[in-house]
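Biologist: I am new to this structure and would like to learn how to read it. Could you walk me through it, please?

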Amino acid sequence: MDKLEREQLKKIYNTMPGAFFIYGAKTGEIYLANDALVHLWGCEDEASFLKMTDGTIKGMIHPDDYQIVLKQIALQSEEKDALTHVVCRRANSTEDQYMEGYGKLIHDDQRGDYYTVEVTKSYRNSEMLDSLTGLMNIRHFLDELSKKKAQLLENEDIEEHALVFFNFVNFKFFNASYGMEAGDKFLKNTAVLLEKIFDHSLVGRFSDDHFIVFTKKEHLKERLNSFYYDIMRTSYGGNVRLQAGIRYLSHNDVRVSPAIACDCVKQENETFYRVYDNDLHQQFLMKNYIVENIDKAIALGYIQVYYQPVIRTYTKELCGCEALARWNDPIYGLLSPNSFIPVLEETHLIYKLDYYIMQCVAKELRRKMDLGMTNVPISFNISRYDFYSSDPLAVLESIVAQYRLKRELLCCEITETALIHNKTLLKKKLDCLKDKGYALWMDDFGSGYSSLNF
């Protein structure tokens, strides 16, 4: 590009509302920078700008970001007529000033290939961007999403879009195995791939190993599969597993995170993604109802205890009972234990149910004793989560003292699968129960792992 042509282009670019520059694709030499861009880089004129940057794209970018930017540009330029999207820090900024821009590769047989770039935004500090990946942080992402949704609702295009939430399972083990530096590199590569595959979309880092994208739903599953196979090739042999949740938007959109759908992938092995549909929405509503109403259900007696007899096979005699919890709800009717116990365990509220059942069992034993009736031992469940959030032994000892019971009338059941989690802690706690005189029963034996040795 000769001097005359440069001057003519500069006049044109100076009349345009924005910060523009042109640089050689192979050499990185800056051919032109308009006044708006020069001033954005804190220079008075183009001559001082070229001196400060050494006349190259490399001199414009923070040294720690330069290689990342090159990789972003290379990946995004593979597709024909693609716009490249880059976020990086300015080289001469002492305040970590971030710049966001879009470039287009121009093929020119006479002048050689070059990029035209518009810097669209400037962020001071890293308040709006994630410092590791350069993506929007969650606060900035939600701000931009709100603006975008308002525009789409006005244009009635909202139903053509979707939110996608990404989570990498076992990423902590990845860091432990390969080191934090490798983990950071993996997250940076993830950001680059997301911006390449979901171009013209909002892409942000939600937190840690969680990412979020707002994009058009056209060819969404094909793009998800493309991202999945590309990212798995960089995961050191599959030490991390990708999960994705999709939330298609609508005019009557419910404010629900696609992360809920993402979490549900854990129960499914057929695919790495799950769509947030009506079935999942009903599960979400039920989960919220259980969490918000467990205290009320206990206080008003909606949680009821049923006693299942235990018969000794050899003598055919009653030798005990198992206490079973049932939730007879005034709105939903009789709730299956499978519908509320997993929710209470997941939210670590199961201790409320377990301790209430203990209280009911003790009260029933005391009632029968006062009436002179014969008692048999009654078993009740103790979740492993009870040991993490409280002290079941202390609670049980308090109940035994309150109702003046013999400890041999109370049997503690713990599921077989619980024994494979944190064996050291559980063994210590269970030994304390056993030493106090409480019988220990194993629930659901044979459903998981053989724990006889334990």
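**Reading a helix and a cavity**

Modeller: Gladly! Keep in mind that this is a predicted model. Let's begin where a helix ends: helix 11 is followed by H348, whose phi is positive, near 60°.

Biologist: Which residues of helix 11 are buried?

Modeller: Helix 11 spans residues 337-346, and its buried residues are F340, V343 and L344. These three cover an arc of only 100° around the axis, which means that they sit on the same side of helix 11.

Biologist: And which exposed residues does the face turned away from the buried side carry?

Modeller: On that face of helix 11 you will find the exposed residues N338 and E346.

Biologist: Now for empty space. How is it found?

Modeller: The general idea is to roll a probe the size of a water molecule over the atoms, which shows where empty space is left. In this structure there are two cavities of 30 Å³ or more, and the largest cavity holds about 220 Å³ of space.

Biologist: Which residues lie nearest the centre of the largest cavity?

Modeller: Of its 19 lining residues, those are F21, I57, V86, C88 and V117. Elements giving two or more residues to this lining are strand 1 (19-24), helix 4 (63-76), strand 3 (83-89), strand 4 (98-106) and strand 5 (114-123). Strand 4 provides the largest share, five residues.

Biologist: How many of the lining residues are nonpolar, polar or charged?

Modeller: The lining of the largest cavity has 15 nonpolar residues, three polar and one charged.

Notes:
Residues numbered from 1 in each chain as written. Predicted model: local features only at pLDDT ≥ 70, side-chain atom pairs only at ≥ 80, totals over all residues. Heavy atoms only, no water. Buried < 20%, exposed > 50% of the residue type's maximum accessible area, 1.4 Å probe, protein only. Helix = DSSP H or I, 4+ residues; strand = E, 2+ residues; numbered from the N terminus. Arc of directions from axis to C-beta. 1 Å grid on protein atoms, 1.4 Å probe; cavity = no way out; pocket = protein on both sides within 12 Å on 5 of 7 lines; lining within 4 Å. Points joined across faces, edges and corners; volume = space filled by probe spheres on them. Nonpolar A, V, L, I, M, F, W, Y, C, P; charged D, E, K, R; others polar.
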